[in-house]
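I opened this notebook to record what I looked up in one structure. The entries follow the order in which I worked.

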Amino acid sequence: MECTDHPKQKTAYLTFDDGPSENTAKILEILDLYEVKATFFVVGSGGETERDLYKQIVKRGHEIGLHSYTHDYATMYSSVDLFIEDLEKLEKAVDESIGFIPSIYRFPGGSANQVSQKHGGSSLMARLKKEIEKRGYLFFDWNVDSGDTKSYLVDFDQIIETVLKSTISKENAIILMHDAPVKTTTVQALPEIILGLKKQGFRFDILTPDSFRCQF
Ligand SMILES: [Zn+2]
């Protein structure tokens, strides 16, 4: 991506964490319908059906990033070794499915999460960030939280409003959403989120290691 391609245009990065799930197919359908590409930070704990969806994500032109194999804070954030063990398990599962290991990563809970302190101490996250970078990953947090995990099932109108209120003041919006079985209202909200972002003047892009050389 050349910086000169879109020097001033506002850019939205739709990101879906915790999938694939039984909602992934619906999310992919909506993205195709609106001709929008997104980024999926995947987990590894699903079954064969879920793993098959890694391929669909890639095949349909979306970006795949790693998130966690287990997403179990108490284990993965208890030590560097257990974090790596979890990561390598996910690398293997994804590689076996799509034939390569992605180069982007998102920490469960974000890179500024508090929960890792509880399990692994106050210096753990700094060590994990170094480890992730050493292994060639670029990690991404978000600057727009859709709020879809605030409760078990957040009303879809609320999700739309939360996203569009937060993006209106931004030039680049990395939007956190969840691809999980229970998060059906996130799927419901997606078409209006896309339309609303378009109305606000956003173009859409995927997150890659090159994304922010020119964006920020
Ligand atoms: Zn997550």
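Entry 1, model. I noted at the outset that this is a predicted model.

I looked up the donors of the zinc ion and found Asp18 (OD), His67 (NE2) and His71 (NE2), at 2.1 Å. Along the sequence I read their spacing as D-x48-H-x3-H. His71, at 24%, is partly exposed.

His71, the zinc donor, has a positive phi of about 60°, and I located it in the loop between β3 (63-68) and α3 (73-76). Glu35 also has a positive phi, of about 55°, without being a glycine. I placed Glu35 in the loop between α1 and β2 (39-43), where it is exposed, with a relative accessible area of 73%. I recorded a cis peptide bond from Gly19 to Pro20, with omega near -5°; Pro20 belongs to the loop between β1 (11-17) and α1 (24-33).

I examined α2 (residues 48-59) against α4 (residues 80-98): their axes are 9 Å apart, at an angle of about 65°. The crossing is right-handed. From α2, I listed Arg51, Tyr54, Lys55 and Val58 as meeting Leu90, Ala93, Val94, Ser97 and Ile98 of α4. I sorted the residues of this contact into 6 nonpolar, 1 polar and 2 charged.

Note on methods: Residues numbered from 1 in each chain as written. Predicted model: local features only at pLDDT ≥ 70, side-chain atom pairs only at ≥ 80, totals over all residues. Heavy atoms only, no water. Axes fitted to C-alpha atoms, helices over the stretch in contact; angles between N-to-C directions. Helix = DSSP H or I, 4+ residues; strand = E, 2+ residues; numbered from the N terminus. Left-handed = near helix turned anticlockwise from the far one by under 90°. Contact = heavy atoms within 4.5 Å. Nonpolar A, V, L, I, M, F, W, Y, C, P; charged D, E, K, R; others polar. Donors = N, O, S within 2.8 Å, 3.2 Å for Na, K, Ca; no water. Buried < 20%, exposed > 50% of the residue type's maximum accessible area, 1.4 Å probe, protein only.
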